[in-house]
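Visitor: I would like to learn how to read a model like this one. Please take me through it feature by feature.

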Amino acid sequence: MTTPTAGPDFGWPPPSPGAPAGPETSLLAPLPEPAPPGSGPRLRPRQVLLAIRLGAAAVGLWPLVLALEGPQPLQLAPVVAHVAGMLAGFGVVVLLALMSRAPALERGVGADALTRWHAVGGRLVVSLVLVHAGAAVLAWEDSRQENALVALREVLGLPLLAATTLGTLLLLVVAAGSIRAARRRLSYESWHTLHLLTYLAVALTFLHQLAGPDLTGHRVLQVGWALLYTCVFALLLRHRVLAPLRQAARHRLRVASVVAEGHGVVSIEVEGEHLDELRAEAGQFFRWRFLTPDTWLTAHPFSLSAPPTAHRLRLTVKALGAGSSQLQSVAVGTWVLAEGPYGAMTAARRTRRHVLLVAGGVGITPMRALFETLPLAPGQDLTLLYRARSLDQVLFRDELEAIARSRGARLHYLLGADPNCLTPSGLLTRVPDLPDCDVYLCGPPRMADAVRGAVLEAGLPPERLHEERFAF
Amino acid sequence: MTTMHQQLSEPRPRRDACVSVAEAVGAAPRCAVRPRNRRQDVVLALTATALGLWFGFGAPSVSPVAPPVPVASSTSVGSEAAGSPDSAAAPAAPAGRGGTSRGPARFGQQGRRR
């Protein structure tokens, strides 16, 4: 048990005793006609998954319907080729839509869930493409009674197949770069650049899809398929290109200060104009692009480590790779492009009176913002469990303790190497009403896995575990 | 293992203004979307629709990549195919964008269309 070391006031930064209320603290005063938090449409994960499954069922069944209607007896290779091809084409457009950064998806589903779905779907689509190609060659071989090599040569000589083959090869290169073993060797920047080839691959295979036997002769389907692709590309252009450019012009973000937090961690304060229009919330993140010669090419996702204000945003960066290391010494005044806000781990997810926040390492950044801003009425509990190796590795210690004192919240530091602190019994000891809480979780993958298993085993319903995992 | 725990003996009520960040910063209402941005969005949507229609209506109506009908099978439906086994086994003639054949396609039959 420690004695609180900071005063009862809270905010960002914790104001010194007797200090006059500055422009930032005045934001905490009641404002006229506030907008509802996180307003805007949100698509729930179940809705999105249902739409994907229904679409996949329709697309996958269509070739079977055509095959059954035809005069020929059903043959395995052609049917497999057609079904796999249609599903692959649908899967590609779904993968693009998941990564479109559309706010309804980002706020409703969450960036980490979308990324996980994208990763799983990517493996599935690549498998379907390979099955489609293999089955198509096999079907050709059977129909012409030729050997596989001749059939392959003839298939590759078909109209549009050269571009399609090139697109498929690019897709395979991207897939190879996403394999875990390869990904460990690639920097985030290289992996990101490699991933951009996907757009070229999709463009090269698009006409092949429209000219496929399952769509030709069905003009409505061809138009619908083409519209699906062009609309998803418009969505990508809108949210991944135009929106950041608009935000750059409107908000004119620049680095205001860089504060060392210790152990390779810095907090970067970014100032700008009209930041209230972003409607960012604690728990969310932006993709930041710092316009220096070394860092302008890549955007990195970092959470807000303090509640946003009308003029300032704060992110906290730990040097984990080349890009984040370069940000340790970013110069004050550097122009910044911020794409976002993204993420669904906000107060809007809360359903219960009591809240448990669990953070590990630099995962404290979104939790620190939530710890300050989650609504807390009398009779409600707000608890933060912060896992760190040692006390000197605890980030924002003064701020956290000030917030805990001022809000009547509980703060536990879980220090050292005790493996039992994140077990169900260990968690229940500190938070007896854990099954009746909303749990927000952010931390390194192994710790997050341990906590996820422990809270579910302790009786927490899965829908009340809110987490975002960041890994590329 | 060290556990540090701190809690006020009497929880203080939170500040009323700290309901959410969006409220705290006076988030802009949805109607604050700038007219210029809205115009850009409309232009983008119309362009995407026009491109989709162009691609869709310009797509070939006969598949250039349909698998040929197996020789053995084609002879059994020779009366329908109205063609020799050689022509049945040949791949479809590539139909350029906006091809002229308008009949409904059948699975496995596209290769016989001329």
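**Reading the model**

Guide: Start with a loop. Leu297(A) sits in the loop between strand 3 (285–290) and strand 4 of chain A. Keep in mind that this is a predicted model.

Visitor: Is Leu297(A) buried or exposed?

Guide: Exposed means over 50% relative accessible area. Leu297(A) has 58% relative accessibility, so Leu297(A) counts as exposed.

Visitor: Now the whole chain. What are the totals for the secondary structure of chain A?

Guide: Chain A has 15 helices and 11 strands. Its 472 residues include 52% that count as buried. The accessible surface of chain A is about 20200 Å², and carbon and sulfur atoms hold 64% of that.

Visitor: Why does the pair of Arg101(A) and Glu339(A) tie together parts that are apart in sequence?

Guide: Check where each partner lies. Arg101(A) is in the loop between helix 2 (76–98) and helix 3 (103–108) of chain A, while Glu339(A) is in strand 6 (residues 335–342), so the pair ties together parts 238 residues apart in sequence. Then check accessibility. Arg101(A) is buried at 8%, and Glu339(A) is buried at 10%.

Visitor: Which side chain meets Glu269(A) in a salt bridge?

Guide: That of Arg312(A), at 2.4 Å from N to O. Glu269(A) belongs to strand 2 (residues 265–271) and Arg312(A) to strand 5, 43 residues apart. Compare the burial classes. Glu269(A) is buried, with a relative accessible area of 13%. Arg312(A) counts as partly exposed at 25%.

Visitor: What lies 2.9 Å from the backbone nitrogen of Arg312(A)?

Guide: A polar atom of the side chain of Thr309(A). Thr309(A) is in the loop between strand 4 (300–303) and strand 5 (312–318) of chain A. Buried means under 20% relative accessible area. Thr309(A) has 9%, so Thr309(A) is buried.

Visitor: Where do Arg452(A) and Glu467(A) lie?

Guide: Arg452(A) is in helix 15 (residues 445–457) of chain A and Glu467(A) in strand 11 (residues 465–467), 15 residues apart. They form a salt bridge, with the closest N and O atoms 2.6 Å apart. Both residues are buried. Salt bridges can also share partners: Arg314(A), Arg368(A), Glu372(A) and Glu399(A) are joined into one network that way.

Visitor: Turn to chain B. Which residues does Arg246(A) touch?

Guide: Leave out residues up to four places away in sequence. Arg246(A) then touches Arg238(A), Asn37(B), Gln40(B) and Asp41(B). Arg246(A) is part of helix 10 (residues 219–251) of chain A. At 14% relative accessibility, Arg246(A) is buried.

Visitor: What pLDDT does chain B average?

Guide: It averages 53, and 27% of the residues in chain B score at least 70. Residues 1–32 of chain B have pLDDT below 50, yet this stretch has 94 contacts in the model beyond near neighbours in sequence. Residues 72–114 of chain B are also below 50, with 79 such contacts. For the model as a whole, ipTM is 0.70 and pTM is 0.68.

Methods. Residues numbered from 1 in each chain as written. Chains lettered and ligands numbered in written order. Predicted model: local features only at pLDDT ≥ 70, side-chain atom pairs only at ≥ 80, totals over all residues. Heavy atoms only, no water. pLDDT = per-residue confidence, 0-100. Contact = heavy atoms within 4.5 Å. Helix = DSSP H or I, 4+ residues; strand = E, 2+ residues; numbered from the N terminus. Buried < 20%, exposed > 50% of the residue type's maximum accessible area, 1.4 Å probe, protein only. Polar contact = N/O pair within 3.5 Å; in protein donor to acceptor, adjacent residues only side chain to side chain. Areas by Shrake-Rupley, 256 points an atom, 1.4 Å probe, with all protein chains shown as cover. Salt bridge = Lys/Arg side-chain N within 4 Å of Asp/Glu carboxyl O.
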